[in-house]
Amino acid sequence: MNVNNNTLIIRKATPADLDIVTSIEATCFPPAEAAPREAFEERLAHYADHFLLIFDGETPIGFIDGFVSDEMVLTDEMFSDASLHNPQGAWQMIFGLNTLPAYRNRGVAARLIESFVQLAKYEERKGLILTCKDKLIHYYAKFGFVNEGESVSDHGGAKWYQMRLTF
């Protein structure tokens, strides 16, 4: 699958995008880690403006999302309680970065990360926080994220590492 950067379009999500994000999430993550439809419905109601969708022409191919908080640690509770979103918070959390399998290894995820970083800078956040598995630490480090060690999260029964990009 060829990706033409001229046909890639990134936009903020709306609650009407529930089916799109639910479908992409289910395709990208194993059931134990994938957020359910109800969670996305709540997230979109509380912070749709912190979801970026990417399209190849008219085809949705991925998204990045997360709410804003003054907390310094990304916890499992944040994934399940969208009401913890603080629009004036200092830190942009990243809960999910999803790219459909047919579009992976073509710079799509990088475009989403770079766009999310720009949004956080525009909104004058201190930076971004995410958790990832050990095999992705080097990937996020390319964008300036620093590994802070093992995360308190045990989301989906996996071992996670917290990473932070500070502006």
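Me: How far apart are the mean positions of the positive and negative charges of the chain, and what makes a residue count as positive or negative?
Reply: In this predicted model, the mean positions of the 15 positive and 23 negative charges are 8 Å apart. Lys and Arg count as positive, Asp and Glu as negative.

Me: How do you know whether the radius of gyration of the chain agrees with that of a compact globule?
Reply: The rule is 2.2 Å times the number of residues to the power 0.38. For 167 residues a compact globule would have a radius of gyration near 15 Å, and the chain has 15 Å, so the two agree. Along its principal axes, the C-alpha trace spans about 35 × 35 × 30 Å.

Me: What share of the residues is buried, and what makes a residue buried?
Reply: A residue is buried under 20% relative accessible area. Buried residues make up 49% of the 167 in the chain. The accessible surface comes to about 8200 Å², with 51% of that area belonging to carbon and sulfur atoms.

Me: What share of the contacts with a separation of 6 or more comes from residues 24 or more positions apart?
Reply: Such residues account for 66% of those contacts. A contact here means heavy atoms within 4.5 Å. As for the elements, the chain has 5 helices and 9 strands, in the order β-α-α-β-β-β-α-β-β-α-β-α-β-β from the N terminus on.

Me: How do you know whether the span of helix α4 agrees with its number of residues?
Reply: Helix α4 holds 15 residues, 108–122, and at 1.5 Å a residue these should span 21 Å. The end C-alpha atoms of α4 are 21 Å apart, so the span agrees.

Me: Which residues of α4 are buried?
Reply: The buried ones are V108, A109, A110, L112, I113, F116, V117, L119 and A120. An α-helix has 3.6 residues a turn, so residues three or four places apart point the same way.

Me: Why is N105 called exposed?
Reply: Exposed means over 50% relative accessible area. N105 has 81%, so N105 is exposed. N105 lies in the loop between β6 (96–99) and α4, and its phi is near 65°, a positive value in a residue other than glycine. Most residues other than glycine have a negative phi.

Me: What makes E124 exposed, and where is E124 found?
Reply: The relative accessible area of E124 is 70%, which is over the cut-off of 50%, so E124 is exposed. E124 is found in the loop between α4 and β7 (127–132). Its phi is positive, about 60°, although E124 is not a glycine.

Definitions and conventions: Residues numbered from 1 in each chain as written. Predicted model: local features only at pLDDT ≥ 70, side-chain atom pairs only at ≥ 80, totals over all residues. Heavy atoms only, no water. Helix = DSSP H or I, 4+ residues; strand = E, 2+ residues; numbered from the N terminus. Buried < 20%, exposed > 50% of the residue type's maximum accessible area, 1.4 Å probe, protein only. Areas by Shrake-Rupley, 256 points an atom, 1.4 Å probe, with all protein chains shown as cover. Charge placed at Lys NZ, Arg CZ, Asp CG, Glu CD. Expected span 1.5 Å × (residues − 1).
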